[in-house]
Amino acid sequence: MKKSIEQAFNDHLNAEFFSSYLYLSMANYFAAQNLEGMAAWMRVQLEEERMHAMKFVDFINDRAGRVVLQQINQPTIEWASPLAAFQDAYNHECLISGKINTLVDLANKENDHAAHNFLQWFVSEQVEEEATAQRIVEQLKRVGDNPVGLMIIDQQLGSRTASAPADAAE
Ligand code: OFO
């Protein structure tokens, strides 16, 4: 694979590992708030992010490139509210979508059809990632400070399983 693609994919797998780290941090925040459902939801999400990172690892290895693991930045550990945390999650997913789009542009520029094809899964996935986070943000906005509403959302999110990640907010 071309060095430019290898470098960009290595940078991106670091961003996916950071996503995993960020959601672990959010899981810990929710656990500290006794919002066990949200904590559980984030724990499923962090595993998904690790899987995303591993897809890039596998692709680089399959193309006879070299994976270079880089330092993972420290995530935020405190949020003002569950809404603030999920708003951050949504903003983060938008950022990741932008990075995926940039990778697609690079794959096109380098005429790397395999990379382009590989990235299409992520293009679709990011639509789901953004939509899911946004739905939860809207639900949390709707309940505001109502503790019963918050408890219901917490219970709903706690039912998320690894096999049905996209439906967790519904
Ligand atoms: Fe990997 O999709 Fe979220 O960050």
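Student: Helices are DSSP runs of H or I with at least four residues, strands are runs of E with at least two, and both are numbered from the N terminus. With that settled, where does Ala64 lie?

Tutor: Ala64 is in the loop between H2 and H3. Before we go on, please keep in mind that this is a predicted model, where local features need pLDDT of at least 70, side-chain atom pairs count only at pLDDT 80 or more, and totals for chains, interfaces and linings use all residues. Residues are numbered from 1 along each chain as its sequence is written, and side-chain values use heavy atoms, with hydrogens and water left out.

Student: Got it. What phi does Ala64 have?

Tutor: A positive one, about 65°, although Ala64 is not a glycine. As background, most residues other than glycine have a negative phi.

Student: And is Ala64 buried or exposed?

Tutor: Exposed, because its relative accessible area is 70%. The cut-offs are under 20% for buried, over 50% for exposed and partly exposed in between, with a 1.4 Å probe and protein chains only.

Student: What about Asn111, what is its phi?

Tutor: Asn111 has a positive phi of about 60°, and it is not a glycine either. You'll find Asn111 in the loop between H3 and H4. With a relative accessible area of 55%, Asn111 is exposed.

Student: Let's switch to the helices. At what angle do the axes of H1 and H3 cross?

Tutor: Roughly 170°, and the axes of H1 (residues 3-32) and H3 (residues 82-109) come within 11 Å. Therefore H1 is roughly antiparallel to H3. The residues of that contact divide into 19 nonpolar, four polar and four charged.

Student: Thanks. Salt bridges next: how many does a search of the whole structure find?

Tutor: Six. Each is a side-chain nitrogen of Lys or Arg within 4 Å of a carboxyl oxygen of Asp or Glu.

Student: Which residue does Lys2 meet in a salt bridge?

Tutor: Glu110, at 3.3 Å from N to O. Lys2 lies in the segment before H1 and Glu110 in the loop between H3 and H4, so the pair ties together parts that are 108 residues apart in sequence. Lys2 is partly exposed at 44% relative accessible area, while Glu110 counts as buried at 18%.

Student: And what partner does Lys3 have?

Tutor: Lys3 forms a salt bridge with Glu6, with the closest N and O atoms 2.8 Å apart. Lys3 and Glu6 are separated by about one helical turn, because they sit three residues apart in helix H1. Lys3 is exposed at 61% relative accessibility, whereas Glu6 is buried at 10%.

Student: Which residue forms a salt bridge with Glu48?

Tutor: Arg160, with the closest N and O atoms 3.1 Å apart. This pair links distant parts of the chain, since Glu48 is in helix H2 and Arg160 is in the segment after helix H5 (147-158), 112 residues apart. Glu48 and Arg160 are both buried.

Student: Now the histidines. Where is His52 found?

Tutor: In helix H2 (residues 36-62). His52 is buried, with a relative accessible area of 0%.

Student: Which side chain does a polar contact join to His52?

Tutor: That of Glu16, at 3.4 Å. A polar contact is a pair of N or O atoms within 3.5 Å; within protein, one must be able to donate a hydrogen and the other to accept it, and residues adjacent in sequence count only if both atoms are side-chain atoms. Not counting residues up to four places away in sequence, His52 touches Glu16, Trp121, Phe122, Glu125 and Glu129, where contact means heavy atoms within 4.5 Å.

Student: Last one: where does His116 lie?

Tutor: His116 is in helix H4 (residues 113-143). At 26% relative accessible area, His116 is partly exposed. Leaving aside neighbours within four places in sequence, His116 is in contact with Val104, Ala107 and Asn108.

Notes: Axes are lines fitted to C-alpha atoms, for helices over the stretch in contact, and angles run from 0 to 180 degrees between N-to-C directions. Angles under 35 degrees count as roughly parallel, over 145 as roughly antiparallel, 65 to 115 as roughly perpendicular and the rest as oblique. Ala, Val, Leu, Ile, Met, Phe, Trp, Tyr, Cys and Pro count as nonpolar, Asp, Glu, Lys and Arg as charged, and the others, Gly among them, as polar.
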